[in-house]
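I opened this notebook to record what I looked up in the structure, entry by entry.

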Amino acid sequence: MHTRTVFFVSDGTGITAETFGNAILAQFEIKPRHVRLPFVDSVDRAHQVVRQVNHTAESEGRKPIVFTTLVNVEVLQVIEAGCKAMVLDMFGTFVRPLEIEFAMKSSHRVGRFSDVSKSKEYHDRIEAINFSLAHDDGQSNRDLEEADVILIGVSRSGKTPTSIYLAMQHGLKAANYPLIPEDFDRRQLPGALNTHRRKLFGLTIAPERLSEIRNERRPNSRYAALDNCLMEVAEAEAMMRREGIRWLSTTTKSIEEIATTILQEIRPERLEY
């Protein structure tokens, strides 16, 4: 049972409001119900939000929390005046004091990519996503010289979600390759990777956790058996040590933590905005 309903209201996608709001909510031992309300870009739409928020307040008997990143002042005023909720205006809290400090007006853009047709960063990001999808799980050896990073590790160690996150969030072209028993028998990396060693980064995982994940995909299979997972992880880690490849364990780390560690190693400038 959730303890409170939290609304994320934006005239863009709502991702910024939700990301920031969730970072704050994570400091409290609560289980909120999340409701994202994107594209609130008119007074009429704002009144719809007010009705939804107030209905929640009445039905639950407690004030909802509303995080907003609304650029349109008129729309924001409707939300602040009408909602029977705790309204936290992120732009009002952070942007306006910075306008005073910098002695300038902010651009008040709606979202990060308000004009995608003119955003090189946006197009680079799309290109990175397409590259990462095309080079997922060793599907293609073409254009590997364009990769920013090539992730290696046993199957289900977190390579694919990390690659996609690096592409979507940081615009990195991230390929990934599975290490399989044939590689361990040869005691060699897949041949296509030999000329790109400086781009390699390894992911490993606790065998017990790997067995759990694989059993969800192929229950009671040799692939998911604990002794097989123990063997594959040990062989993969031995290969990475032998080849001098940087690596980390994904067992207890989030995708964000994994990606940040990789960035610190290979492209620290991408951590600067």
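What covers the buried residues of helix 8? I find that the cover includes helix 9 (226-243), judged by contact, that is, heavy atoms within 4.5 Å.

Before going on, I note that this is a predicted model, in which local features need pLDDT of at least 70 and side-chain atom pairs count only at pLDDT 80 or more, while totals for chains, interfaces and linings use all residues. Residues are numbered from 1 along each chain as its sequence is written, and side-chain values use heavy atoms, with hydrogens and water left out.

**Helix 8.** I take helices (H or I, at least four residues) and strands (E, at least two) as DSSP runs, numbered from the N terminus. In helix 8 (residues 207-217) I list P207, L210, S211, I213 and R214 as buried, where buried means under 20% relative accessible area, exposed over 50%, and partly exposed in between (1.4 Å probe, protein chains only). Seen down the helix axis, these buried residues fall within an arc of 165°, so they line one face of helix 8; the arc is that of the directions from the axis to the C-beta atoms.

**Salt bridges.** I counted 12 salt bridges, each a side-chain nitrogen of Lys or Arg within 4 Å of a carboxyl oxygen of Asp or Glu. I find E232 buried at 6% and R214 buried at 0%.

**K199.** I located K199 in the loop between helix 7 (181-186) and strand 7 (200-204). The side chain of K199 does reach the backbone oxygen of A147 at 2.9 Å.

**Cysteines.** My search of the whole structure found 0 disulfides, a disulfide being a pair of cysteine sulfur atoms within 2.5 Å. C83 is buried at 9% relative accessible area, and C229 is buried at 0%.

Notes
A polar contact is a pair of N or O atoms within 3.5 Å; within protein, one must be able to donate a hydrogen and the other to accept it, and residues adjacent in sequence count only if both atoms are side-chain atoms.
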